[in-house]
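Let's take a walk through a protein together, starting from the inside. Have the sequence and the 3D view ready as you read.

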Amino acid sequence: MAPSKLHHRYDRNFDTLSHEDQKKLCNFRVMVLGLGGLGGSVCEMLARTGVGHLIVVDGDSFEASNLNRQLLSQEHLLGKSKAHSARDRIHAINSDIMVTPLEKKLTQKPGKSNLYENIKNIDLVVDCLDSIQTRFKLQDAAEKASVPIVSGAIAGVTGQVTTIFPKDKGYELIYGSRDQVPSQGIETKTGNISYCALLVAAIQSSECIKVLLNRGDILRNKLLIAELWSNTFDIMELA
């Protein structure tokens, strides 16, 4: 990746990140899967931090109900592709970043899988999905590809974050048996509030940087739960 056109772009990253850390981030490939309230904000933060290649995936377009929380959504973008809007937003922030927009649903079906094919050459996938069943399929593909997952979810003013490495039990420790989980989470009843989405996305982004740079206390086999009405933040040991 070529040096930034803006010499002082990352000055405020130092010395939380070292110059060597910053160089390493430029060479990573991270997929953000789902570009709603969580995914759009994760894209923003990873772009500003300097992750070199972002693969942004969502088959949907913006609708009015997205405007309350989805950072990428704007009134003039209603009906427009989320993936291509994410690309445009990232390039407006940091034109040095390589962005690959995938305007499609990633699936994992017997004999017809495009999940594994799309993640096999990346360093990390960020789960910003709204389907529990798809999360299990993602975990299967990520394990096959030896790719870690940083997963986030929100419901109302409650959010959770965990990090799953290949061979971890992962979602089974959170949701139970995959054969018994509903297709959608409780957020279909509670709705989602903007500031909760931004908070959880920030924690996901932090986990991404820690995993990529192999530093800090990673939420592996742990579930961070934040509840904003009561201002409680708990970390549960999962295994």
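**Inside the fold**

The largest nonpolar core holds 45 residues, and Leu46, Val51 and Leu54 have the most contacts inside it. A nonpolar core here is a set of buried Ala, Val, Leu, Ile, Met, Phe, Trp, Tyr and Cys residues joined through side-chain atoms within 4.5 Å; buried means under 20% relative accessible area (1.4 Å probe, protein chains only). Among the elements that each supply at least two residues of this core are β1 (29-33), α2 (37-49) and β9 (222-227). Helix α8 gives the most, with 10 residues. Helices (H or I, at least four residues) and strands (E, at least two) are DSSP runs, numbered from the N terminus. Apart from this core lies another, of 22 residues, including Leu33 and Phe136.

This is a predicted model, where local features need pLDDT of at least 70 and side-chain atom pairs count only at pLDDT 80 or more, while totals for chains, interfaces and linings use all residues. Residues are numbered from 1 along each chain as its sequence is written, and side-chain values use heavy atoms, leaving out hydrogens and water.

Now look for the rings. There are three aromatic pairs (ring centres of Phe, Tyr or Trp, for Trp its six-membered ring, within 6.5 Å; planes under 30 degrees apart are stacked, over 60 edge-to-face, the rest tilted) in the structure. Phe136 and Tyr171 form an edge-to-face pair, 6.0 Å centre to centre with 65° between the planes. Phe136 lies in helix α5 (residues 132-145) and Tyr171 in helix α6 (residues 171-175), so the pair ties together parts 35 residues apart in sequence. Phe136 counts as buried because its relative accessibility is 3%.

Conventions: Buried < 20%, exposed > 50% of the residue type's maximum accessible area, 1.4 Å probe, protein only.
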